[in-house]
Amino acid sequence: MTRLSDKYDPGPQIAQCGGINLGTPDLEKSLWFFRDTLGMEEVERRGNVSYLRCHQELGHHSLVLTEQAEAIVNAYSFRVRRPQDVELFAEELKRQEIEVLEVPAETEIGRGTAIRFLLPGGDHPFELYYDIDKPLAPEHMRSRLPSNSSKRRGLGVRRIDHFNIQTSPSTINQAEQWVRANLGFKRREFAYLPESPGTVMASWMSVTPQMHDLAIVANRQDKKAQLHHVAFNLQDFSDGLVAADILKDLDVSFSAGPGKHGIGQAMYLYVHDPASDHRVELYAGGYLIFDPDWEPIEWKKEAFPDGLTWYGDPIDTKPGSRGRDTTGSAGLHLK
């Protein structure tokens, strides 16, 4: 049956944050953190690469751990809305003279053909894909709830929530405007640099009803291609407090929290993967946006501290790996 929407073509669109590929010098230690402690399912392992998902994710994976010397981000992945959108995005990128690399199907196990490019103004390695397998968990891990891929385990992270990335103050306007104009992200909350009115200090954007799927922040050291954190979603505030109690007893390093953001109004707990030092946010609560005429909220200088931390510890705004950069230096070559 033909639907009314079939008569219109909105053009290529992003559906959601799909996954992140993180380099780690010690795969087993990272698996202890993400699989055994946070509770992710290791769906598959091929050599030095492990594929994981949370217990409410039906797709093959949302996290790829690649054992390698450098603890860098190899790729940020976004799923598009339709199969043809991968090719349509590739055509538009080429029209803009942005270098595009085709990532063959199964380069990431369980995922179809993707495209890779560097974010203009950010140099972060972005990948866009549509096709992804939806394997059943092993029988002993399956939930009786059909909307869950597996039973809840560990700290019970439910799904990947968002990326928070940094680029230089001189290029952040370009990067932020490009993802809005070309990938369809909507600005939800934002702030300008106090010393440079009109230059974005931070912008929280989404393609879903979430307040943000992607945040872009100005890096004070004038660096591009920095990861601040990747966030995984917990069910509620009490899960965040339980996570803090358990992780503290396991000597996992805290960055900040538990606390609550004014921006987004979610509870945060920032911790570090003990193997790679990548910063991970455990994120619970927050508000959803359904208004089609939503007006972005600007945070002025005097109110911004409440935006970052409504209550709790001050947020560490440095890039995600303490003592070394977390960069997108994987660039356009394939891992």
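This is a predicted model: local features need pLDDT of at least 70, side-chain atom pairs count only at pLDDT 80 or more; totals for chains, interfaces and linings use all residues.
Me: Why is Asp 251 called exposed?
Reply: The label exposed requires a relative accessible area over 50%, and Asp 251 has 70% relative accessibility, so Asp 251 counts as exposed.

Me: What is the phi of Asp 251?
Reply: Phi of Asp 251 is near 60 degrees, which is a positive value in a residue other than glycine.

Me: Strand 14 spans residues 254-260; which proline is found in strand 14?
Reply: Pro 258 is found there, and the peptide bond that leads from Gly 257 to Pro 258 is cis, with an omega near 5 degrees.

Me: What makes Glu 97 exposed rather than buried?
Reply: Buried would need a relative accessible area under 20%, whereas exposed needs one over 50%; the value for Glu 97 is 74%, and therefore Glu 97 is exposed.

Me: Where is Glu 97 placed, and what is its phi?
Reply: Glu 97 belongs to the loop between helix 2 and strand 6 (101-103), just after helix 2, and its phi is near 60 degrees, again a positive value in a residue other than glycine.

Me: Which residues of helix 2 are buried?
Reply: Within helix 2, which runs over residues 85-95, the residues Asp 85, Val 86, Phe 89, Ala 90 and Leu 93 are buried.

Me: Why can the buried residues of helix 2 be said to line one face?
Reply: Viewed down the helix axis, the buried residues of helix 2 fall within an arc of 140 degrees, so they line one face of the helix. On the other side of helix 2, Glu 87, Lys 94 and Arg 95 are exposed.

Me: What covers the buried residues of helix 2?
Reply: The cover includes strand 1 (14-24), strand 5 (73-80), strand 7 (114-118), strand 8 (125-129) and helix 3 (172-183).

Me: Which residues does the UniProt annotation "domain: VOC" cover?
Reply: According to the unreviewed UniProt entry, the annotation covers residues 16-131 and 159-285. Over residues 16-131 the chain is 19% helix and 40% strand, with the end C-alpha atoms 13 Å apart. Over residues 159-285 the chain is 20% helix and 50% strand, and there the end C-alpha atoms are 13 Å apart.

Methods:
Residues are numbered from 1 along each chain as its sequence is written. Side-chain values use heavy atoms; hydrogens and water are left out. Buried means under 20% relative accessible area, exposed over 50%, partly exposed in between (1.4 Å probe, protein chains only). Helices (H or I, at least four residues) and strands (E, at least two) are DSSP runs, numbered from the N terminus. The arc is that of the directions from the helix axis to the C-beta atoms. Contact means heavy atoms within 4.5 Å. UniProt positions are given in the numbering used here, feature names are shortened, and annotations may be inferred rather than shown by experiment.
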